[in-house]
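I open the notebook on a two-part check.

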Amino acid sequence: MSYTENDLAKDLENSEYKFGFTTDIESDRAPLGLNEDIIRFISAKKEEPEWLLDYRLKCFKIWSEMTEPSWAHISYPKPNFQGISYYAAPKQTKKYESWDDVDPEMKETMAKLGISLEEQQRLTGVAVDFVMDSVSVATSFKAKLQELGIIFCSFSDAVQEHPELVKQYMGSVVPATDNFYAALNSAVFTDGSFCYIPKGVRCPMELSTYFRINEANTGQFERTLVIADEGSYVSYLEGCTAPQRDENQLHAAVVELIALKDAEIKYSTVQNWYPGDKNGLGGIFNFVTKRGICETNAKISWTQVETGSAVTWKYPSCILKGDNSVGEFYSVAVTNNYQQADTGTKMIHLGKNTKSTIISKGISAGKSHNSYRGLVQIHKNAHNARNFSQCDSLLMTDECGAHTFPYIECKNPSAKIEHEATTSKIGEDQIFYCLQRGISEEKAISLIVNGYCKEVLNQLPMEFAVEAQKLLTISLEGSVG
Amino acid sequence: MLKITNLHASIDGKEILKGLNLEVKAGEIHAIMGPNGAGKSTLASVLAGREEYEITEGSVDFDGTDLLEMATEDRAREGLFLAFQYPVEIPGVSNVNFLRTALNEIREYRGESSISAKDFMALVKEKSAIVELDAKLASRSVNEGFSGGEKKRNEIFQMAMLDPKLAILDETDSGLDIDALRIVANGVNTLKSDKNATIVITHYQRLLDYIVPDFVHVLYDGRIVKSGPKELALELEEKGYDWIKAEFAH
């Protein structure tokens with residue numbers, strides 16, 4: 001019996017029925033490539049207002065005229081931007097009213113990410129906005145946050161429900177012209193998270209988003225906007241994991257933080273995307289632009305634990321615009337096998353009495369390369385600006401590399417800038433000492449590395465710190481040489 | 001408990017231990033003395049399982065098992081403890097976290113369940129008193145910023161916590177003032193029982209005023225060349241090592 005057109009049609013019909021699809025959903029994946037039509041497609045899919053489509057098209061034009069930056073200490077095959085699909089929605093597009101409605105399979109996936117959402121909800125009261133392949137599928141604790149006037153939703157919802165806030169602040173800290181990847185994101189971003197804390201409100205729980213790259217060959221272009229109004233406080237957690245993939249996946253997110261007068265934003269990231277295999281095959285390319293702006297007396301604190309991705313290019317930065325504002329950057333970046341990381345921060349001091357602290361801990365294992373790149377810039381009106389930077393590198397093997405590129409530009413003589421840097425190799429004496437106390441080598445490395453990163457891990461909220469410690473251990477398994 | 005037979009060990013091709021014999025029974029304290037470069041610290045390192053040393057000949061029996069076949073961490077788990085001459089610093093790792101990890105690894109090896117936080121803290125309190133170790137030091141990073149005396153007291157505190165069968169004290173007296181020496185010695189004496197044994201490696205007789213050995217051995221040129229009662233230590237103190245050197249030089 002031969003397979004006829006009719007059979008095919010029947011099969012398609014059946015499978016549609018089986019999964020509850022409509023024919024429209026099949027096209028919820030954009031064709032490969034990028035042009036104005038694709039942007040119109042994305043915008044239409046998301047039922048966006050005209051102004052946003054115009055913004056996207058403008059950004060696309062800017063991007064088209066830019067070239068990919070090459071100054072970072074990383075080398076990788078340039079992504080083929082016309083070989084990527086710029087929009088994919090999950091198979092099931094239904095929005096969940098409650099946690100109970102969420103697909104059990106999806107829950108299982110989340111459980112595999114290390115910490116289950118349920119557990120987080122139960123133990124910690126974390127409100128999680130789970131982003132799977134570009135569309136938010138679960139939002140919790142929304143009601144409680146609503147009582148306080150806190151808005152915590154997907155970026156798409158914010159566009160529909162709070163267009164005035166999005167319009168006012170999107171691109172105000174990271175303009176599309178900032179860099180190649182920011183421009184690309186601004187043109188094609190699909191979804192992300194939005195958070196607004198009203199005046200004087202202290203957000204009572206950690207806000208958390210889990211990103212996960214799911215579909216093969218789908219670029220992820222997330223957009224996050226956090227606005228802390230005058231005198232407010234918020235702690236925001238972002239964690240990422242991805243399943244194993246053979247081809248490189250591009251990720252170019254943009255995160256913008258706005259801390260208005262007297263506000264404070266604490267932004268913590270644990271990133272463990274697929275780093276590629278032992279031979280350097282596969283893994284995520286992570287090109288992220290993260291930046292915050294501080295008005296008078298405001299404070300922004302970035303904490304990141306980076307263990308994943310094949311290539312990381314990331315510089316969470318602070319523009320200290322207001323007088324007495326404070327910027328902090330705490331970072332642990334681990335690279336193993338053939339991973340490459342070029343990461344650091346920029347502290348731009350514009351206001352008087354502005355203060356910044358940079359604590360960077362790089363750990364290199366295998367044949368990896370780990371670079372710290374940081375800029376401390378003191379502008380001429382930034383009287384009495386202070387900066388303290390500490391950049392430590394820990395080498396696990398003889399074949400890995402650690403590099404430090406600190407840049408300091410100072411135009412005000414009253415500034416005080418301190419920079420400390422150390423490079424050390426994990427001590428055989430330390431390991432022997434642990435072994436002699438009955439501690440296994442794996443545990444010994446875990447202890448030593450976690451101790452080395454303690455200043456940074458201490459900045460993370462409790463439950464995140466535990467996950468981060470586990471991650472560090474997993475990332476460095478069998479890596480001493 | 002410990003029987004070392006004809007032990008030969010070398011590092012980078014250079015032979016340091018050249019046929020060392022020693023037997024230690026439960027309940028005994030043995031002092032090993034000898035001039036610089038005789039191989040005292042090498043003996044401690046070889047017994048503890050430092051990988052840089054190559055064992056070329058001989059055997060070491062530890063309570064019926066072949067010590068040399070065991071991994072470093074398993075030797076510790078079987079109850080061999082080395083108080084280091086130069087305890088290393090582990091920044092960012094608190095003493096209590098370090099010890100709880102060690103204790104639980106040892107318990108797991110013995111098929112016991114993990115110690116509860118409450119029992120552990122009670123144990124810390126009890127054992128830190130033995131060496132008059134400030135409770136604050138227990139929560140500080142392992143040896144980081146400790147004075148020489150504090151580091152050595154911390155070693156004995158760890159020994160008290162892990163309750164080993166055989167403790168090897170490698171030049172524990174070096175760098176100690178008289179008060180610290182007394183405290184460390186008191187700690188060792190308090191921990192002594194008829195079930196455990198101690199090997200005290202030292203350069204000077206001074207420590208042996210406080211930790212009284214059952215036997216004194218002279219280690220010279222990779223071998224134990226003379227053994228005797230505690231009075232031998234006094235004789236060495238008086239005469240130095242030259243007469244030993246003269247007698248055994250070849």
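I take contact to mean heavy atoms within 4.5 Å. The model is a predicted one. With that cut-off, I find 17 residues of chain A in contact with 29 residues of chain B.

**Entry: interface area.** I looked up the area buried between chain A and chain B and got about 2100 Å². Carbon and sulfur atoms give 63% of that area.

**Entry: polar links.** I counted 13 residue pairs in polar contact between chain A and chain B, both partners at pLDDT 80 or more. The rule finds three salt bridges across this interface. I noted the one that B:Glu105 forms with A:Lys443, where the closest N and O atoms are 2.7 Å apart.

**Entry: the chain A side.** I asked which elements give two or more residues to the side of chain A that touches chain B. They are helix H11 (428–436) and helix H12 (441–452) of chain A. H11(A) gives the most, with seven residues. By class, I get eight nonpolar, five polar and four charged residues on this side.

**Entry: a helix pair in chain B.** I then took H6 (residues 148–162) and H7 (residues 178–191) of chain B. Their axes come within 9 Å and cross at roughly 10°. Angles under 35 degrees count as roughly parallel, so H6(B) is roughly parallel to H7(B). Among the residues that meet, I list B:Ile156 and B:Met159 from H6(B), and B:Val184 and B:Leu191 from H7(B). The contact has seven nonpolar, one polar and two charged residues.

How values were computed: Residues are numbered from 1 along each chain as its sequence is written. Chains are lettered from A and ligands numbered from 1 in the order in which they are written. This is a predicted model: local features need pLDDT of at least 70, side-chain atom pairs count only at pLDDT 80 or more; totals for chains, interfaces and linings use all residues. Side-chain values use heavy atoms; hydrogens and water are left out. Axes are lines fitted to C-alpha atoms, for helices over the stretch in contact, and angles run from 0 to 180 degrees between N-to-C directions. Helices (H or I, at least four residues) and strands (E, at least two) are DSSP runs, numbered from the N terminus. Angles under 35 degrees count as roughly parallel, over 145 as roughly antiparallel, 65 to 115 as roughly perpendicular and the rest as oblique. Ala, Val, Leu, Ile, Met, Phe, Trp, Tyr, Cys and Pro count as nonpolar, Asp, Glu, Lys and Arg as charged, and the others, Gly among them, as polar. Buried area is the accessible area (1.4 Å probe) that two parts lose on being put together, summed over both. A salt bridge is a side-chain nitrogen of Lys or Arg within 4 Å of a carboxyl oxygen of Asp or Glu. A polar contact is a pair of N or O atoms within 3.5 Å; within protein, one must be able to donate a hydrogen and the other to accept it, and residues adjacent in sequence count only if both atoms are side-chain atoms.
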